[in-house]
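User: I'd like to learn how to read a protein model feature by feature. Could you walk me through this one?

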Amino acid sequence: MTEDLMIEASTISCYDAHATAYDRYQFAAVPGYSVMLDLVGDACKRYLVPKMLAAKAEAKIIDLGCGTGNASLAVLKKCPAKVFLIDGSERMVNVAVEKVSGSYPQSLLGNRIADLSGEDWDNGLADGAFDVVVSTLVLEHLPFPRYKAAIAKCFRLLKPGGWLLGAEGYVEEESDMQEWFFEEMESRRKGLDSELSDYVAGLRNEQETHYYCSKNVKARWWNEAGFERVNMLWQYLCIGLMAGRKPL
Ligand SMILES: C[S@@+](CC[C@H](N)C(=O)[O-])C[C@H]1O[C@@H](n2cnc3c(N)ncnc32)[C@H](O)[C@@H]1O
């Protein structure tokens, strides 16, 4: 295993270890998390519902790095769709499958446990078959060459006119937005049940790896992958939701 793959495996195993505590921690401690998810749902409603009504079809969505399925649930709340779940952690995928199939029994298209930094996470998924790829707080875990490879795959999987919606962390020169965000998160964490929050925070500090750069750099990579109308839909301190469309 190369060093990069070992780092990513450790990020995945970190999430695997706290899959059952994830939702309680995430909703309470991560600033802006619920708003971000709501906006992912709103974006799908805006970009997909009129199109799907006209085509009398149901949208097909990939939730890339689905975790416990919160982005899928936010989308399904606002937009009839079928979702395909992908994550490196088996336990996270199991929780996501249970939640999505419990709330929207007809909406699960499939699921897969796969490392997004590998070459084959998209094996068997047809080119041009999906209306949207949503990916919330995941792509920042990929080293830059793998990030570029992953968005190129997303481009290939999307239909013409399909959208990539990616929420991730950014860092900007001469800005303290990351420090501010993490201070905010730390103060929320301290208000939680300490056993749970110390456990999750400890795992994340020890095992999770992020690769940050600026919004402009990532927007350029999206453009180079072929996406148009690349723009930020929302930002809370260092977390932003970027959208880009595969040309019609
Ligand atoms: C912060 S969680 C976000 C989960 C979910 N999208 C959400 O918004 O709650 C990060 C997720 O990315 C997954 N992940 C991180 N690196 C990965 C990789 N290289 N391949 C597949 N999944 C990965 C983790 O297993 C975890 O479920």
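User: Where does Leu-137 lie?

Analyst: Leu-137 lies in the loop between strand 4 and helix 6, which spans residues 144–157. Keep in mind that this is a predicted model.

User: What is the phi of Leu-137, and how should I read it?

Analyst: The general idea first: most residues other than glycine have a negative phi. Leu-137 is not a glycine, yet its phi is positive, about 60°.

User: Is Leu-137 buried or exposed?

Analyst: For this we count C-beta atoms within 10 Å, and 20 or more make a residue buried. Leu-137 has 21 such neighbours, so it counts as buried.

User: Which phi does Lys-56 have, and where is its place?

Analyst: Lys-56 also has a positive phi, about 50°, although it is not a glycine. Its place is in the loop between helix 3 and strand 1. Lys-56 counts as exposed because it has 6 C-beta neighbours inside 10 Å.

User: Now the sheet, please. In what order do the strands run?

Analyst: Strands of a sheet pair through backbone hydrogen bonds, either parallel or antiparallel. Here 7 strands make an open sheet with mixed pairing, in the order 3-2-1-4-5-7-6. Strand 3 (108–113) and strand 6 (228–236) are the edge strands, each pairing on one side only. From one strand to the next, the twist averages 15°.

User: How do strand 5 and strand 7 pair?

Analyst: Strand 5 (residues 158–169) and strand 7 (residues 239–245) are antiparallel, with 7 bridges between them. Within this pairing, Leu-165 stands opposite Ala-243 of strand 7.

User: Which residues of the largest nonpolar core touch the most other members?

Analyst: The general idea is that, in soluble globular proteins, nonpolar side chains tend to be buried together. The largest nonpolar core here has 61 residues, and those touching the most other members are Val-40, Ile-61, Val-75, Val-132, Val-133, Val-134 and Leu-165. Helix 3 (residues 33–55) gives the largest share of this core, 7 residues. Leaving out residues up to four places away in sequence, Ile-61 has contacts that include Val-75, Ala-81, Val-83 and Phe-130.

User: What comes nearest to the ligand?

Analyst: There are 22 residues around the ligand, and Tyr-15, Gly-67, Gly-88, Leu-116 and Thr-136 come nearest. Helix 1 (3–17) and helix 4 (70–78) are the elements that give two or more residues to this shell. The largest share, 4 residues, comes from helix 1. By type, the shell divides into 9 nonpolar, 10 polar and 3 charged residues.

User: Let's take Gly-88. Where does it lie, and what does it touch?

Analyst: Gly-88 lies in the loop between strand 2 (81–87) and helix 5 (90–103). Gly-88 counts as buried because it has 24 C-beta neighbours inside 10 Å. Apart from residues up to four places away in sequence, Gly-88 touches Ile-12, Ile-113, Ala-114, Asp-115 and Leu-116. Leu-116 is also among the residues that come nearest to the ligand.

Methods:
Residues numbered from 1 in each chain as written. Predicted model: local features only at pLDDT ≥ 70, side-chain atom pairs only at ≥ 80, totals over all residues. Near = placed C-beta within 6 Å. Nonpolar A, V, L, I, M, F, W, Y, C, P; charged D, E, K, R; others polar. Core = buried A, V, L, I, M, F, W, Y, C linked by C-beta atoms within 7 Å. Buried ≥ 20, exposed ≤ 12 C-beta atoms within 10 Å, placed from the backbone. Contact = placed C-beta atoms within 7 Å. Pairing = 2+ DSSP bridges. Axes fitted to C-alpha atoms, helices over the stretch in contact; angles between N-to-C directions.
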